[in-house]
Amino acid sequence: MTTYETMAYHLETERLILRPWAESDAAELHDLVAERGKGVGTVEHIRTAIAELLAATETTGIALLPIQRREEGDFIGYCGLIIGRSTLEEPEIAYELFQSAHGHGYATEAARAVVDAAIATERKRLWSTVGTWNTPSFRVLEKIGFERHHVATDDRGEHVWLTRELP
């Protein structure tokens with residue numbers, strides 16, 4: 001099995017800081033998940049999920065990171081690499097932002113930083129899976145060099161697999 005460098009857990013862009021999770025992120029992550037409208041557990045459940053994310057990061061060397069706006073210092077979402085429907089060798093990029101943060105280029109900016117971090121791990125390819133309805137996500141992924149690969153259906157519905165070869 002190929003071993004990879006550990007992903008950087010602190011990424012900075014012109015407007016954003018991506019950093020490791022803190023317990024203090026639980027209430028805001030709870031609000032973000034609640035915004036999906038599909039029901040959400042308690043803040044305590046979210047604290048447990050954050051602990052699980054941190055443990056997975058320790059094991060895998062890849063991370064899903066909270067996004068903060070640099071000037072405002074506020075939590076606006078998350079972006080990072082996950083195993084998801086893929087593999088540790090070819091992980092998925094994942095991101096989600098509060099609706100109020102949509103349309104400002106933050107997802108694209110954060111995702112570019114995560115792609116750069118993935119390149120630094122010496123991986124050769126990334127994946128993303130996106131619900132067929134999620135046009136804004138397709139635009140973000142196209143801007144950072146992802147291409148459609150195939151469409152599939154699972155228990156969460158129909159989704160498109162996209163891929164990006166890494167240098």
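Which residue just after H4 takes a positive phi? Gly145 does, with a phi of about 95°. Welcome to this predicted model, in which local features need pLDDT of at least 70 and side-chain atom pairs count only at pLDDT 80 or more, while totals for chains, interfaces and linings use all residues. Residues are numbered from 1 along each chain as its sequence is written, and side-chain values use heavy atoms, with hydrogens and water left out.

**Overall build**

- The protein has four helices and eight strands; these are DSSP runs numbered from the N terminus, with helices (H or I) of at least four residues and strands (E) of at least two.
- Starting at the N terminus, the order of the elements is β-β-α-α-β-β-β-α-β-α-β-β.
- The radius of gyration is 15 Å, which agrees with the value near 15 Å for a compact globule with 167 residues. This radius is taken over C-alpha atoms, and the globule rule is 2.2 Å times the number of residues to the power 0.38.
- Along the principal axes, the C-alpha atoms fill a box of roughly 35 × 35 × 30 Å.
- Of the 167 residues, 46% are buried. Buried means under 20% relative accessible area, exposed means over 50%, and partly exposed lies in between (1.4 Å probe, protein chains only).
- Among contacts (heavy atoms within 4.5 Å) with a separation of 6 or more, 60% join residues 24 or more positions apart.

**The largest pocket**

- About 1,700 Å³ of space lies in this pocket. A volume here is the space filled by probe spheres set on grid points, which are joined across faces, edges and corners.
- On a 1 Å grid over the protein atoms alone, a pocket is an open set of points with protein on both sides within 12 Å along at least five of seven lines, whereas a cavity is a set where a 1.4 Å probe fits but cannot get out; lining residues have an atom within 4 Å of a point.
- The lining has 44 residues, and Arg36, Tyr78, Tyr95, Glu96 and Asn134 lie nearest the centre of the pocket.
- Elements that give two or more residues to this lining include helix H1 (26-35), helix H2 (43-60), strand S4 (75-82) and helix H3 (106-120).
- S5 gives the most to the lining, with six residues.
- Sorted by class, the lining holds 19 nonpolar, 14 polar and 11 charged residues. Ala, Val, Leu, Ile, Met, Phe, Trp, Tyr, Cys and Pro count as nonpolar, Asp, Glu, Lys and Arg as charged, and the others, Gly among them, as polar.

- In H1, the residues Ala26, Leu29, His30, Leu32 and Val33 are buried. They cover an arc of only 165° around the axis, which puts them on the same side of H1. The arc is that of the directions from the helix axis to the C-beta atoms.
- An α-helix has 3.6 residues a turn, so residues three or four places apart point the same way.
- The buried residues of H1 pack against H2, S4 and S5, and just after H1, Gly37 takes a positive phi of about 80°.
- In H4, Ser137, Phe138, Val140 and Leu141 are buried. Their arc is only 160° around the axis, which puts them on the same side of H4.
- The packing partners of the buried residues of H4 are S5, H3, S6, strand S7 (147-154) and S8.

**Residues to find in the structure**

- Cys79 sits in strand S4 and is buried, with a relative accessible area of 0%.
- The residues that Cys79 touches, leaving out those up to four places away in sequence, include Leu18, Ile67, Ile93, Tyr95 and Val114.
- Ala117 belongs to helix H3 and counts as buried at 6% relative accessibility. Leaving out residues up to four places away in sequence, Ala117 touches Met7 and Leu11.
- Ala8 lies in the segment before strand S1 (11-12) and is partly exposed, with a relative accessible area of 36%. The C-alpha atoms of Ala8 and Ala117 are separated by 6.1 Å, although these residues are 109 residues apart along the chain.
- Glu122, in the loop between H3 and S6, has a phi near 75°, a positive value in a residue other than glycine. Glu122 is partly exposed, with a relative accessible area of 47%.
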